[in-house]
Amino acid sequence: PDTTIVDSPVSYPGAGGKRWSPKNATRGYRGRVPLRTALALSINVCAVKTAANIGIERVIDVAHRMGLRGEMEPQLSLALGAIGVSPLEMAAAISVIASGGFRVEPTGIRKIVDAAGNVIEEFSPRPRRVISEDVAATMRDLLTAVVERGTGRPVRRFYHGEAAGKTGTTNSHRDAWFVGFTPYLSAAVWVGNR
């Protein structure tokens with residue numbers, strides 16, 4: 001969380017031999033920024049540089065372990081959310097952090113009961129560790145900063161308890177996300193403006 005990243009112009013090889021230069025929403029740069037601040041403020045360039053530093057294949061591996069199922073091309077734009085993902089997948093993925101590193105397959109039906117009250121079928125979650133408890137705790141801390149002093153601050157207008165999450169918006173403002181959790185609930189909200 002305290003590792004610093006230089007928020008400055010950068011360019012990477014892109015598709016078709018073209019260069020790709022990620023931009024921040026503000027179109028400005030902040031210089032040396034701690035990772036905690038970069039995540040809280042959704043600084044795009046820092047996210048891309050972090051993915052480049054750790055390797056996009058590792059990012060894809062963790063995303064798959066956390067439950068994102070879509071095929072992911074090993075492109076640095078993944079660091080900015082350049083993939084089609086459902087709100088259910090995002091809610092399940094963020095729940096891995098909330099649960100201390102365990103993934104549970106989401107289900108829409110918890111139990112089926114007949115008219116006499118007999119349980120016909122019941123879903124029994126099978127938690128499986130997919131990230132370490134330490135990594136989950138660090139991510140929880142980072143995502144709490146998003147709600148406390150970052151782009152997720154508007155949550156505080158409606159909810160004052162423990163909360164963590166992450167916002168996301170496309171360049172054209174066609175898609176807006178908030179994915180987060182409280183001690184008892186994980187949720188993903190997507191708003192599309194087509």
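Visitor: What does R103 form a salt bridge with, and how far apart are the closest N and O atoms?

Guide: In this predicted model, R103 pairs with E105, and the closest N and O atoms are 3.3 Å apart.

Visitor: Is R103 buried or exposed?

Guide: R103 is buried, at a relative accessible area of 6%.

Visitor: Which residues are linked with R103 in a network of salt bridges?

Guide: R69 and E105 are linked with R103 in that network.

Visitor: How many salt bridges does the structure hold?

Guide: There are six. One of them joins the side chains of R140 and E162, at 3.2 Å from N to O.

Visitor: Where do R140 and E162 lie?

Guide: R140 is in helix α5, while E162 is in the loop between α5 and β9 (164-169), so this pair ties together parts that are 22 residues apart in sequence. R140 is partly exposed, with a relative accessible area of 23%. E162 is also partly exposed, with 48%.

Visitor: And what about R156 and E148?

Guide: Their side chains meet in a salt bridge too, at 2.4 Å from N to O. R156 counts as buried because its relative accessibility is 19%, and the cut-off for buried is under 20%. E148 is partly exposed at 39%.

Visitor: New topic. Which residues touch the most other members of the largest nonpolar core?

Guide: I97 and L143 do, in a core of 30 residues. The elements that each supply at least two residues of this core are α2, α3, α4, α5 (133-149) and β10 (175-182). Helix α4 gives the most, with five residues.

Visitor: What is L143 in contact with?

Guide: Leaving aside neighbours within four places in sequence, L143 is in contact with L39, I94, I97, A164, G165, K166 and F181. Apart from this core lies another one of five residues, including I5, V33, I43 and C46.

Visitor: Where is I5 found?

Guide: I5 is in strand β1, which covers residues 4-7. I5 is buried, with a relative accessible area of 9%.

Visitor: What is I5 in contact with, leaving aside its neighbours within four places in sequence?

Guide: The contacts of I5 are G31, R32, V33, L35, C46, K49 and T50. Take K49: its place in the chain is 44 residues from I5, yet the C-alpha atoms of the two are separated by 7.7 Å.

Visitor: Which residues are buried in helix α2?

Guide: In α2 (residues 44-54), the buried ones are N44, V45, C46, V48, K49 and A51. They pack against β1, β2 (12-13), β3 (19-20), α1 (35-40) and α3 (56-65).

Visitor: What follows α2?

Guide: G55 does, and its phi is positive, near 100°.

Definitions and conventions: Residues numbered from 1 in each chain as written. Predicted model: local features only at pLDDT ≥ 70, side-chain atom pairs only at ≥ 80, totals over all residues. Heavy atoms only, no water. Helix = DSSP H or I, 4+ residues; strand = E, 2+ residues; numbered from the N terminus. Buried < 20%, exposed > 50% of the residue type's maximum accessible area, 1.4 Å probe, protein only. Contact = heavy atoms within 4.5 Å. Core = buried A, V, L, I, M, F, W, Y, C linked by side-chain atoms within 4.5 Å. Salt bridge = Lys/Arg side-chain N within 4 Å of Asp/Glu carboxyl O.
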